[in-house]
Amino acid sequence: MRNLFDIHDWKIVETSFDPKKQMQAESIFSIGNGSFGQRANFEERYSGESLQGSYVGGVYYPDKTRVGWWKNGYPEYFAKVLNACNWIGIDIEIQGESVDLNHATVLSFYRELDMQSSTLSRKVTLRLKSGKELEINSIRFCSMHRNEIAAISYSVKPLNFSGNVKFTPYLDNNVSNDDANYDEFFWEEESQKAGNKKAFVCSKTKKTNFHVATAMRISFWKEKELQEIHPNFATKSLYAENSFETYLEIGTTYTLKKYVAVASTLNHSEFSLVTHAINQVKSAYLTGFDDLLEEHKVAWSNIWENADIQIDGDVAAQQGIRFNIFHLYQTYTGTNEKLNIGPKGFTGEKYGGATYWDTEAYCLPFYLKTADPKIARQLLIYRYNQLDKAIENAEKLGFVNGAALYPMVTMNGEECHNEWEITFEEIHRNGAIAFAIYNYVRHTGDHEYLKDYGRPVLNAIARFWFQRFNWSKAKQAYVMLGVTGPNEYENNVNNNWYTNYIAKWCLSYALEVEESWAKKDKALLSNQELFQWKEMLDKIYFPKLEGTNIFLQQDGFLDKELLNASDIPDAQRPINQHWSWDRILRSVFIKQADVLQGIYLFEDHFDLDVIRDNFDFYEPKTVHESSLSPCVHAIIAAKIGNLDKAYEMYLRTARLDLDDYNHEADEGLHITSMAGTWMSMVEGLAGVRVYEDHVLIDPKIPATWKSYSFKIRFRNNPIQVTVNQEGYVLENFGNDSITYTYKGKKIELCANQTSNSLQLIV
Ligand code: BGC
């Protein structure tokens, strides 16, 4: 696979301008701060192919559902995170000629995303049609320290002329979503105003009534000297600008600094919003660009301190893992309980920025091990807060007695996905939410959470599963009909092994939790209900290939032509871009880990032989056309000692967007699968497992790597793990002693202690 951009340990670098790569680059070089973010569009106008994208966390629009054939139970709308006010805009005009890279000759181009400091910078020299040459240097960031602030420093240097140049910094909310179902415009004008070196635009979303205020302040500099400017102000609907024309001398650098505040009624009252944005931007302006940048860098260095993974000896792998960690923290920082993690974050529109099972199945383990446990707790509370809606959702489908079906896609707890084979059938998502509760408790020991918040969610999910199974007379067992497993390349199948397995596990975990808390606290369920669940547990049906260890993905799996992915000609990959949907559904090819997803979650239930046999059966049939797939395969491959495969899958997940494996980076990045990349390192190569009372480290290291190291949190104690070709060392930076296992023996590691000597890789 060729690399799209240069390999560098902390940076993504592009050294020439290729308009054909612009859309991919806009996604890959995106920046954000957990509250808002945007694609790497140019500040000056660009008339070439581009997706202008600025997104504000939690601000969405219920776009009317579009389907060919309406089915009862479909939601009325699909929640879209909105493309919001373009706040980066700075138009440059030189004696009537606009600066636009699409119409200029680009003499040199350098774009850099520095992941250590989360800054996006660009240095371009260009020649306009008139022959005038100039250099543009820009740097911008979304402050990680002040989550409503961004700043841009934009410099222009005339290279072969002196003359008047017009600068027009502006805010423009006349933007629409590329993925709008009916080309509808989602914004309404609220107010806008421009004044001396400042402006704001406040707009409101139709239907959902979110108000977003974007405010700016500017200053202008000749080299290091602040200049007095007297801009003209202008406004029109959803738009405000300052513009000024000034004489630039050849060879001198002039810099426009633009400070921006983005605030919404997700966090503020409608009445205080504009004043709040104005005050925020004023304070940023008074702080100044350099100091804002400094505090932003400090905030990022605190993140890296806990979350970084260092790999010595493989720069491509190093760049890949940092790119993933970086985008995860740009998307979600855990500071706002109303936000969640959209699969595309702030980098694109597809998937609507809404919440999927991805959060619990992939992202939660990442935040659990790299951040304060409050963040993971907050993600769980988000679902707890939406329990009533999940119960309503199940009621709409005919379930009773407080059974809950969490939505496939949601912004506010309501289902907004509308393909029947997923909306109604891809119900395994309920299981991921229950598993996340279990996972949180084993990492943190927070049993109080389980009592007050976990229990009601677990019980409602268990009720759903209890009703979703039905008794098969023919099989003399409980079966689950008409489901779609994680592998969306098969729909409406019977007895998807993964779904049956996680459903059974949910019932038994809910039982265990309920029975244990009923003794200490009040009982939430009747004995009769618990008895019925117990009764069901031993009689659930699981399809199996008789005489082998293979769990069958679903009842009809063996009827398929059992080809391998290597049988598909390269020119036909990815199959979802070359084959008809019908052909895909009938084929054996697996979009993403399915049986293996279950084996990953419940690996302790199976012997190594069983794990190996299933991996060897399913891996060759998997085309990994979901970004969520390679990470699970990497983890299992490492577990069974297939290091080459683990490394191949690691690189595939780590560099999925950087090298655009699935030819879709232009639409935005796969943010949630980035957590999977992290898992494939920590749980895969490093073999980290967390149990109720101890941690297990079972590391492997690719032959070409010298070493790698990272921190994980166990019971909120940061533990540094360093692995080299000989073995590994642990350091406990926490306040409590922890226990880890080595060669089956439990060893205590006190606070501030380093494991005695190198533990050999066994
Ligand atoms: C995957 C789903 C996932 C969704 C959003 C789909 O392609 O098959 O499992 O939830 O993308 O990431």
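Biologist: What makes a residue part of the lining of the second largest pocket, and which residues lie nearest its centre?

Modeller: A lining residue has an atom within 4 Å of a pocket point. For the second largest pocket 19 residues line it, and I303, Y329, T333, T335 and I375 lie nearest its centre. Two elements, α3 (289-307) and α6 (373-385), each give two or more residues to that lining, and α3 has the largest share, with five. Helices here are DSSP runs of H or I with at least four residues, strands are runs of E with at least two, and both are numbered from the N terminus. Please keep in mind that this is a predicted model, where local features need pLDDT of at least 70, side-chain atom pairs count only at pLDDT 80 or more, and totals for chains, interfaces and linings use all residues. Residues are numbered from 1 along each chain as its sequence is written, and side-chain values use heavy atoms, with hydrogens and water left out.

Biologist: Why is a space called a pocket and not a cavity?

Modeller: On a 1 Å grid over the protein atoms alone, a cavity is a set of points where a 1.4 Å probe fits but cannot get out, whereas a pocket is an open set with protein on both sides within 12 Å along at least five of seven lines. The largest pocket has a volume of about 1100 Å³, that is, the space filled by probe spheres set on the points, which are joined across faces, edges and corners. Among its 41 lining residues, K350, Y351, Y356, E419 and K591 are the closest to its centre.

Biologist: How do you know that the largest pocket lies between domain 1 and domain 2?

Modeller: Domain 1 (50-63 + 75-305) and domain 2 (308-690) both give residues to its lining, so the pocket lies between them. The domain bounds come from an automatic or database domain assignment.

Biologist: Why are C85 and C416 called buried?

Modeller: Buried means under 20% relative accessible area, exposed over 50%, and partly exposed in between, with a 1.4 Å probe and protein chains only. C85 has 3%, so it is buried; C416 has 0%, so C416 is buried too.
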